[in-house]
Amino acid sequence: RWRLIGGFVAPPVMPIAGAWTEWNSRNKARCTTNFDGKLGFTRKTSHRVIVIDECLILHPALNGALRVLQGHARGLHQVIVRYGIYTGLTLIYPHIPSLDGVLETGQTYFEEALLGRVFHVTGEAFFQVNTLQAEKLASIVTASIKPKGNELLLDVYCVVGTFGLLLAPVVG
């Protein structure tokens, strides 16, 4: 059973803007490691790590990185992998010394572009995990507010400032 919060009666709801694809679109994964240094996801009802060879929603570049990382993360609790579909840059955090010369790890940030704007994103920062869908959302927001160029924009839940930075050129 649900209840209406805020006292809104029949609030306007726009149609859902589906993703371009449901596969290979995620640009980030936070994997937990097991005692053998293998990466995977934690089982919902326990702390058991389910080792993964491939995740169908991750970008293929991340799946490739995970295959190389398997067995090298011994002693780490988690490993974060990110990929910029427009920049081709990868972030693997933290540094994994056994992979020196094989795979770059330990980057403090990577760059990704949305609608032509480049963002510097750390491993821990919130950034939309589906780049193409984030661009679609930003375009929908821009079209919905129909900026005239003199508005004041406050991006109060900005994290890395994605929407504030994307909308800044079209508002005051």
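Cys31 counts as buried, because its relative accessibility is 1% (buried means under 20% relative accessible area, exposed over 50% and partly exposed in between, with a 1.4 Å probe and protein chains only). Cys55 is likewise buried, with a relative accessible area of 15%. Neither residue takes part in a disulfide: the sulfur of Cys55 is the nearest cysteine sulfur to that of Cys31, 8.2 Å away, and for Cys55 the nearest is that of Cys31. A search of the whole structure finds zero disulfides, a disulfide being a pair of cysteine sulfur atoms within 2.5 Å.

The model is predicted, so local features need pLDDT of at least 70 and side-chain atom pairs count only at pLDDT 80 or more, while totals for chains, interfaces and linings use all residues. Residues are numbered from 1 along each chain as its sequence is written, and side-chain values use heavy atoms, with hydrogens and water left out.

Stepping back to the whole protein, there are three helices and seven strands, where helices (H or I, at least four residues) and strands (E, at least two) are DSSP runs numbered from the N terminus. Their order from the N terminus is β-β-β-α-β-β-β-β-α-α. The C-alpha atoms fill a box of roughly 55 × 45 × 25 Å along the principal axes. Of the 172 residues, 33% are buried.

What lies in the largest nonpolar core? This core has 17 residues, and those touching the most other members are Leu39, Leu58, Leu66, Leu69, Val79, Val81 and Ile92; a nonpolar core is a set of buried Ala, Val, Leu, Ile, Met, Phe, Trp, Tyr and Cys residues joined through side-chain atoms within 4.5 Å. Strand S1 (28-33), helix H1 (60-69) and S4 each give two or more residues to this core, and H1 gives the most, with four. Leaving aside residues up to four places away in sequence, Leu69 touches Gly37, Leu39, Val79, Val81, Ile92, Ile96, Leu99 and Leu103, a contact being heavy atoms within 4.5 Å. A second, separate core of 11 residues includes Leu91, Phe110, Ala138 and Leu166. In soluble globular proteins, nonpolar side chains tend to be buried together.

Tyr83 stands opposite Thr90 in S5. Six residues lie between the two strands of this hairpin, in which Gly88 takes a positive phi near 75 degrees.

Conventions
Two strands pair if DSSP finds at least two bridges between them.
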